[in-house]
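The following report walks through a few places in one structure, and the reader may wish to keep the sequence and the 3D view side by side while reading.

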There are 2 protein chains.
Amino acid sequence: MLSKLMLPEIRELIESRDGTTLSEVLDMWQPVDIAELFEDLSDDDERTAFQLLHGPQRTLIFEYLDRQTQHFLLESLDPTDAGALFNDMSADDRTALLEELDEGDREKHLRTLSAQQQAIARSLLEYPEDSVGRLMSPDFVAVRSNWTVEHVLDHVRRHGQDSESLNVVYVVDHDMHLIDDLRIRQILLAPIHTTIERLMDTSFVSLKASDLKRSAIEVFRRYDRTALPVIDDHNKLVGIVTIDDVLDVAEQAATEDAQKFGGLEALSEPYATTPLLTMVHKRATWLVILFLGELLTATAMGYFEQQIAKAVVLALFIPLIISSGGNSGSQAATLIVRALAVGEIRLTDWVSVFRRELLSGAILGVILGSIGFLRIAVWSAFSDVYGPHWIQVGIAVSLSLVAIVLWGSIIGSMLPFGLKRLGLDPATSSAPFVATFVDVTGLVIYFTVSMIVLSGTLLKE
Amino acid sequence: MLSKLMLPEIRELIESRDGTTLSEVLDMWQPVDIAELFEDLSDDDERTAFQLLHGPQRTLIFEYLDRQTQHFLLESLDPTDAGALFNDMSADDRTALLEELDEGDREKHLRTLSAQQQAIARSLLEYPEDSVGRLMSPDFVAVRSNWTVEHVLDHVRRHGQDSESLNVVYVVDHDMHLIDDLRIRQILLAPIHTTIERLMDTSFVSLKASDLKRSAIEVFRRYDRTALPVIDDHNKLVGIVTIDDVLDVAEQAATEDAQKFGGLEALSEPYATTPLLTMVHKRATWLVILFLGELLTATAMGYFEQQIAKAVVLALFIPLIISSGGNSGSQAATLIVRALAVGEIRLTDWVSVFRRELLSGAILGVILGSIGFLRIAVWSAFSDVYGPHWIQVGIAVSLSLVAIVLWGSIIGSMLPFGLKRLGLDPATSSAPFVATFVDVTGLVIYFTVSMIVLSGTLLKE
């Protein structure tokens with residue numbers, strides 16, 4: 001990794017405008033590391049450094065810069081240089097940059113492209129925003145089934161320069177219909193006069209340009225591929241997607257899932273660059289929905305106001321009881337949402353999960369219930385904070401804990417199945433939604449249990 | 001994808017013991033799809049099918065079966081067949097299988113290996129369980145810097161058969177020290193008489209065999225690689241790790257993170273196969289810790305018992321108030337934990353996050369506080385459930401909501417920074433921990449605000 005210790009030397013090279021040495025020094029490092037170092041430079045140094053660099057080195061570093069820095073540097077380049085940069089960028093990275101520009105800027109940059117690159121860029125931008133088409137690079141190596149291995153290797157040497165990946169070559173017919181994919185290993189291992197036809201198994205995995213980006217993640221993982229071919233609606237090969245781009249999609253998807261699970265609408269940009277009001281809006285939506293749900297607790301408690309007035313001691317345990325239900329519910333929801341997401345369990349497994357949670361919930365409930373009783377007993381030995389009927393209060397609290405932890409586990413584990421059954425994402429706000437539901441119902445359980453246990457003493461009519 | 005519609009035909013082939021046709025039919029599909037189909041067969045059919053298959057096809061399918069099925073089939077094979085299977089498996093998949101067997105079974109299977117494979121398997125098992133060494137395959141293509149491209153291609157054709165990946169070749173010195181890595185594209189694109197030395201840039205990225213598995217994920221993502229070389233403490237090349245294995249590690253790590261965040265210790269096995277008591281233990285640990293924290297709510301409420309006795313109406317809003325604090329805290333914690341995890345924000349950004357959350361929290365608080373006041377006002381227009389002093393009650397509740405939502409956002413966003421600063425994983429139980437902390441402190445805020453607002457009316461001395 002490029003050490004920050006180099007920063008002063010690099011600053012010096014930039015300030016003395018020594019582009020040749022700068023380029024040589026940077027050449028010893030990975031583009032992603034250089035890009036990170038760039039982001040630590042002042043705006044002026046960054047701009048100067050970028051103007052000092054040229055050709056493929058500049059393009060490679062540019063592709064690893066964050067979006068903001070890319071925009072800033074684009075503005076600072078003269079139109080010819082900006083055009084050259086756009087022409088050299090790989091098609092998929094270029095699409096990702098262009099799709100975020102406004103109409104006018106996009107058009108301006110598109111016009112700086114060569115006729116051929118312009119056609120490619122425009123056709124990629126025509127795919128829907130969340131589709132595989134936007135991730136795709138039209139640069140791949142296509143071969144014919146009657147070629148020999150030697151012919152393929154020659155072809156690669158002459159025409160493979162721009163290909164996004166040479167780990168796989170694609171066999172097509174005269175009309176560009178995809179017939180097979182061959183890993184480069186199959187070609188490298190075969191005697192050079194073997195024809196491609198003899199290496200083919202016509203069993204291949206492909207993506208459709210109109211598929212959702214997200215769906216590509218699962219295909220890559222399942223089939224252990226580093227690149228996958230993309231076909232259009234007529235089975236014609238139109239591009240390839242490489243695993244590095246899919247890893248970025250996967251990271252973005254994981255962030256969105258975590259945010260949904262944590263009870264807010266997924267942000268489409270990083271936390272630090274999301275405008276404050278957008279973020280407040282996305283958080284407020286769910287917060288208000290959950291708040292409206294929680295208002296039901298006030299309604300539920302209204303029914304028990306008389307009891308609380310008679311036995312104020314009951315109120316002391318309300319937060320303890322509802323939060324225990326909420327915590328056990330979140331635990332169960334977390335386990336099931338994740339197990340459903342990775343396919344460890346299926347929709348039809350709900351019965352066995354129900355049985356398991358019934359048992360786990362009961363055991364967990366007894367553990368918490370016992371601690372709760374113990375705590376009330378110990379406190380009552382040294383003070384009269386829980387009054388003369390502390391044993392009954394202790395029994396009411398601990399029985400309620402058993403019931404509510406069990407209830408939380410059941411609701412927490414069953415809700416994700418319910419959401420999935422309805423065709424919704426099981427992750428959607430599961431944990432806070434379960435907590436809210438268990439809060440309202442938990443109060444009813446607590447006061448009902450208390451009414452029964454304390455009917456002869458504290459709550460005598 | 002292999003359709004389940006084929007299942008009856010395949011069952012028929014198995015029952016008629018027609019191994020040749022079965023092998024031909026299955027050859028049309030991807031091994032992972034066949035493995036999935038196997039798991040839908042009865043135990044008997046599965047065993048028979050597996051005995052009917054042979055050689056590389058059998059091994060490939062076996063590598064994609066789940067652990068349970070692998071164990072079952074291993075038991076059903078005669079020792080010679082099992083030995084052949086083990087010999088043919090790729091070294092990394094074999095390590096993953098062997099490491100889960102008990103001492104005796106592992107020794108038994110190790111002895112069926114050829115001397116060479118046995119030495120490899122034993123040396124891989126010597127690496128610590130969570131280390132890159134366990135993911136590694138010792139099958140790679142190493143070349144010397146004075147070789148020509150033609151020599152390398154010949155070498156690959158002759159010795160590359162067993163290599164785990166041919167997407168990258170590794171340049172080593174006479175002592176196996178790693179000097180450089182070259183993507184196969186660089187070799188394929190170069191004229192055949194070029195020497196390797198001229199292609200080298202001596203800038204490469206490698207993993208250490210003793211590194212944590214988890215750390216490999218970030219390196220693959222950062223440097224866009226499909227395979228990385230692994231070196232020992234003396235910089236000698238000992239193996240390679242391919243991205244498919246790292247994707248599995250990433251999925252496992254994501255599950256563990258989700259579980260930690262959801263407030264339980266990470267399970268080391270899938271939900272459905274974790275023994276009930278192990279699961280209860282992992283859930284009970286955090287549930288009890290959180291419960292002990294929540295017991296403080298009872299203590300806090302003890303101080304306000306007099307107030308509740310005087311104004312029972314205050315008790316009605318306790319669940320609403322503490323859950324609003326908890327929800328806003330979870331939201332903030334989710335955002336920050338994730339942003340820290342993907343590197344969108346750093347430890348040093350806490351000041352700007354603090355400012356942002358101060359503002360967002362205040363806005364969100366005002367929104368919920370207004371809804372809360374409205375609700376109390378509307379209900380009071382139609383009933384006297386909140387008594388004659390409902391305006392003061394409404395003010396107390398809504399001011400408390402503002403304060404608590406703000407407080408929750410601050411605590412939720414700052415706790416992950418605190419955990420990270422202490423060298424702990426920010427994900428550890430953040431959401432429930434924040435909720436518990438905000439519950440206890442939120443009660444103090446609520447009753448303090450109420451005491452001030454209601455001191456002239458409901459809570460007059």
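Predicted model: local features only at pLDDT ≥ 70, side-chain atom pairs only at ≥ 80, totals over all residues.

If the neighbours within four places in sequence are left aside, B:Leu189 is in contact with A:Arg157, A:Gly160 and A:Gln161. B:Leu189 belongs to helix H12 of chain B, which covers residues 184-189. Is B:Leu189 buried or partly exposed? A residue needs 20 or more C-beta neighbours within 10 Å to be called buried, and because B:Leu189 has 19 inside 10 Å, B:Leu189 counts as partly exposed. Along the chain, B:Leu189 and B:Ile240 are 51 residues apart, and their C-alpha atoms are separated by 23 Å.

**How the two chains are related**

Chain B can be laid on chain A by a turn of 180° with a shift of 0.0 Å along the axis, and the RMSD is then 0.2 Å. The two copies are therefore related as by a two-fold rotation axis. Which residue of chain B comes closest to the rotation axis? That residue is B:Asn167, whose C-alpha lies at 2.9 Å from the axis. Of the interface residues of chain B, 100% are also interface residues in chain A, so the copies meet through the same surface.

**Strands and hairpins**

In chain B, strand S2 (residues 168-172) and strand S3 (residues 178-183) run antiparallel and are joined by five bridges. S2(B) and S3(B) form a hairpin with five residues between them, and in the turn B:Met176 has a positive phi of about 70°.

In chain A, strand S5 (residues 227-231) is mostly covered, since four of its five residues are buried. S5(A) is joined to strand S4 (residues 207-208) of chain A by two bridges, and this pair runs parallel, with A:Leu207 standing opposite A:Val230 in S5(A). S5(A) is also joined to strand S6 (residues 237-242) of chain A, here by five bridges and in an antiparallel manner. The bridge partner of A:Ile231 in S6(A) is A:Leu237.

| Hairpin strands | Residues between the strands | Turn residue and its positive phi |
|---|---|---|
| S2(B) and S3(B) | five residues | B:Met176, about 70° |
| S5(A) and S6(A) | five residues | A:Asn235, about 65° |

Terms used. Residues numbered from 1 in each chain as written. Chains lettered and ligands numbered in written order. Least-squares fit on C-alpha atoms with pLDDT ≥ 70 in both. Contact = placed C-beta atoms within 7 Å. Pairing = 2+ DSSP bridges. Buried ≥ 20, exposed ≤ 12 C-beta atoms within 10 Å, placed from the backbone.
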